[in-house]
Amino acid sequence: MNLIEIDNLKTYYRTEAGDVAAADGVSLSVSPNETLGLVGESGSGKTTVAKSIIRLLPDNGDIVSGTVKYNGDDITEMSMKDVQRKIRWKEISMIPQNAMNGFDPVHTVGAQIIEAIRAHEDDTTKANARSRAKELFEDLGLDAERIDDYPHQFSGGMAQRAMVALALAVNPAVVLADEPTTALDVVIQDRILESISELQDEYDTAMIMITHDMSVVSETCDTIAVMYGGRVVEVGDADTIIKNPRHPYTLGLRNAFPDITADSQELISIPGTPPNLVDPGEGCRFAPRCPFAEERCWEETPQPEEYDDGLVVECHRADEAEMLREEASKRDT
Ligand code: ATP
């Protein structure tokens, strides 16, 4: 059974230039203990999908259609009060991209973690919650005494780790992690990923990991969803996608990392620019940047299709993947 089931989600931002279709028909699912990696260039809609799940969109953002089910209940239909009371933090927590924004500046970091724990566990004493918060701090390589500091006393990297502590403290069923380890050194990054994975095993926690870092994806994810221009263009088993992707965009991302097992590497962008999400028009959104685009790619919008290897891909030429992969590797050498 899927914990999270997103079906044809459309989330738009109202702007003076028109509606930005940041998530434009996204379907995804996550089951207990699964880590789904959401990858793609900046602006492809990853954060929008995560924020839609817990309804944390900015004022000009709206879910215009589609469903986001958590354990069968449609979160998009719930009142904001119910989302806040029953879902956010308790069931689904989020480690935001800018961790500092996740904390209330007027309370100490520890007080916020303790409050979160006690809000979800009626019978936990303050002292117990405090010792758990300290333990989590230590697990994440932070000095436990610093739980009495205010958020502004933390550096960016420390705030990010404290945010991970907050997100994990309440043992949620799902953690949405938006670039949880960017800007951290490799040792701390590994420690965070290890803590997350220990917690996952202990509590069957599911995770949606948004990242630009392909070494993080290959180490931690069971499944991968590749986003491009507001759509999931390829999704499936992580090893299959890393070794034998079908979508030319994923191929481009993968070939930008000749050795994905090496130390942390940033995504290198593929030549060309992402599509205009105000009026993407007909045809494949990747066609202007795709080395394999044919006439139909410019005219007909590809629909998701499932292949023998289990990958679900939106590409007119995905059935020729083996040949495309060979071609791509010839071009790169
Ligand atoms: P990044 O990795 O940079 O966070 P992303 O893949 O998470 O990128 P989103 O942040 O979801 O992408 O943005 C998707 C699109 O929506 C982008 O074109 C972005 O400019 C646009 N967008 C995001 N927030 C808003 C907003 N509040 N108003 C208007 N457009 C927005």
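**Exercise 1. Describe the shell around the ligand: how many residues surround the ligand, and which are the closest?**

Solution. 
Step 1. Count the shell. In this predicted model, 16 residues surround the ligand. A residue is near a molecule if its C-beta atom, placed from the backbone, lies within 6 Å of it.
Step 2. Name the closest. They are Tyr 13, Ala 22, Ser 42, Thr 47 and Thr 48.
Step 3. Assign elements. Strand S1 (4-15), strand S2 (18-30) and helix H1 (46-53) give two or more residues each. H1 gives the largest share, three residues. Helices (H or I, at least four residues) and strands (E, at least two) are DSSP runs, numbered from the N terminus.
Step 4. Sort by class. The shell has five nonpolar, 10 polar and one charged residues. Ala, Val, Leu, Ile, Met, Phe, Trp, Tyr, Cys and Pro count as nonpolar, Asp, Glu, Lys and Arg as charged, and the others, Gly among them, as polar.

Two conventions apply throughout. Residues are numbered from 1 along each chain as its sequence is written. Local features need pLDDT of at least 70, side-chain atom pairs count only at pLDDT 80 or more, and totals for chains, interfaces and linings use all residues.

**Exercise 2. Work out how H5 and H6 pack: at what angle, and how far apart are their axes?**

Solution. 
Step 1. Read the geometry. H5 (residues 156-169) and H6 (residues 186-203) pack at about 5°, with axes 11 Å apart. Axes are lines fitted to C-alpha atoms, for helices over the stretch in contact, and angles run from 0 to 180 degrees between N-to-C directions.
Step 2. Classify. H5 and H6 are therefore roughly parallel. The cut-offs: under 35 degrees is roughly parallel, over 145 roughly antiparallel, 65 to 115 roughly perpendicular, the rest oblique.
Step 3. List the contact. H5 supplies Gly 157, Arg 161, Val 164 and Leu 168; H6 supplies Ile 188, Ile 192 and Leu 199. Contact means C-beta atoms, placed from the backbone, within 7 Å.
Step 4. Sort these residues. Five are nonpolar, one is polar and one is charged.

**Exercise 3. Examine Arg 55 and Asn 71: what is the phi of Arg 55, and of Asn 71?**

Solution. 
Step 1. Recall the background. Most residues other than glycine have a negative phi.
Step 2. Read the values. Phi of Arg 55 is near 55°. Phi of Asn 71 is about 50°.
Step 3. Locate them. Arg 55 lies in the loop between H1 and strand S4 (61-70). Asn 71 sits between S4 and strand S5 (73-74), also in a loop.
Step 4. Arg 55 has 18 other C-beta atoms within 10 Å and is partly exposed. Asn 71 has 14 and is partly exposed. Buried means 20 or more other C-beta atoms within 10 Å, exposed 12 or fewer, partly exposed in between, with C-beta atoms placed from the backbone.

Notes
Two residues are in contact if their C-beta atoms, placed from the backbone, lie within 7 Å.
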